[in-house]
Amino acid sequence: LHYRITIGGKAEDRVSDKAVARTDLPAAGRNPVAVRNTGEGLLYLRLVRTGTPMPGSGTAAAHGMGMDVEYRLMDGTPLDPARISQGTDFMAVVRVTHPGTGERYENIALTQVFPSGWEIRNMRMEGSDSGPAGFTYQDIRDDRVMTYFDLRPLRPKTLRILLNAAYTGRYFLPGAHAEAMYDNTINARSHGGWVEVVRPGSEMARSE
């Protein structure tokens with residue numbers, strides 16, 4: 001990689017023999033950033049922002065792909081995530097669809113961030129994972145799961161994440177977000193909302 005990066009008017013030429021180079025940008029103030037490819041090969045640029053979503057944010061949207069998110073108990077019974085009994089095992093089911101026009105989408109990145117009152121059940125750690133199913137790669141962290149896959153026309157992709165309602169309290173659930181890594185015009189996100197984990201014995205709200 002050969003490129004020149006300019007941050008806040010200060011330019012710097014950089015060279016890397018790796019396939020990926022990362023630069024941390026200042027989060028505060030107005031600092032215009034420009035990147036110029038000074039090499040002969042193609043250079044792909046991606047901006048990644050992380051943070052805590054504002055409560056109430058998370059309006060659903062779809063551009064070039066569709067996405068539906070639902071929650072179910074382990075036996076498949078529909079579950080309303082707004083109110084779940086502590087200790088309940090359940091799953092988030094995400095269905096991503098291609099509109100059917102054009103070629104297949106490559107390198108779709110699906111990010112699911114979960115409330116701190118829910119624990120992600122990492123089947124690899126539990127020793128019951130049978131291997132990748134329907135995706136290229138999956139990164140499971142403490143509070144989120146990032147899944148990467150290709151999406152063919154009229155071939156929906158359904159992905160399941162196992163969860164446990166571990167800690168009582170009221171939390172904000174951000175919406176899931178899917179996007180084509182190299183085409184920012186193709187993306188979809190689900191709505192977010194408040195959820196609650198209640199003590200065992202309290203009434204658990206389920207969808208009809």
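These legends walk through several close-up views of a predicted model.

**View 1. The whole chain at a glance.**
Let us start with the overall make-up: the chain has one helix and 17 strands. Of its 208 residues, 30% are buried.

Look along strand 1 (residues 2–7) and you will find six bridges joining it to strand 2, the two running antiparallel. A handy spot to begin is Ile7, which stands opposite Lys10 in strand 2.

Eight bridges connect strand 8 and strand 13 in the antiparallel sense. To find your place in this pairing, look for Met91, whose bridge partner in strand 13 is Leu162.

**View 2. The largest nonpolar core holds 17 residues**.
Tyr71, Phe90, Phe114, Trp118 and Leu163 have the most contacts inside this core. Several strands give two or more residues to it: strand 5 (66–73), strand 8 (89–97), strand 10 (118–120), strand 13 (157–165), strand 14 (169–173) and strand 17 (193–198). Strand 13 gives the most, with three residues. Apart from this core lies another, of 16 residues, which includes Tyr105, Ile108, Phe135 and Ala178. In soluble globular proteins, nonpolar side chains tend to be buried together.

**View 3. Tyr71 and its surroundings.**
Leaving out residues up to four places away in sequence, Tyr71 touches Thr77, Pro78, Leu79, Pro81, Phe90, Met91, Ala92, Trp118, Leu163 and Leu173. Both Tyr71 and Phe90 are buried.

**View 6**
The structure holds seven aromatic pairs. In one of them, the ring centres of Tyr71 and Phe90 are 6.4 Å apart and their planes lie at 55 degrees, so the pair is tilted. Because Tyr71 lies in strand 5 and Phe90 in strand 8, this pair ties together parts that are 19 residues apart in sequence. Follow the ring pairs onward and you will see that they link Tyr71, Phe90, Phe114 and Trp118 into a cluster.

**View 4. A charge meets a ring at Arg170 and Trp194**.
The charged end of Arg170 sits over the ring of Trp194, at 4.1 Å from the ring centre.

**View 5. Ala62 and the residues around it.**
Our last stop is Ala62, found in strand 4 (residues 61–63). Apart from neighbours within four places in sequence, Ala62 is in contact with Asn187 and Ala188. Ala62 and Ala178 are 116 residues apart in sequence, with their C-alpha atoms 9.4 Å apart in space.

Terms used: Residues numbered from 1 in each chain as written. Predicted model: local features only at pLDDT ≥ 70, side-chain atom pairs only at ≥ 80, totals over all residues. Heavy atoms only, no water. Core = buried A, V, L, I, M, F, W, Y, C linked by side-chain atoms within 4.5 Å. Buried < 20%, exposed > 50% of the residue type's maximum accessible area, 1.4 Å probe, protein only. Helix = DSSP H or I, 4+ residues; strand = E, 2+ residues; numbered from the N terminus. Contact = heavy atoms within 4.5 Å. Pairing = 2+ DSSP bridges. Phe/Tyr/Trp six-rings, centres within 6.5 Å; stacked < 30°, edge-to-face > 60°. Lys NZ or Arg CZ within 6 Å of the ring centre and 35° of its normal.
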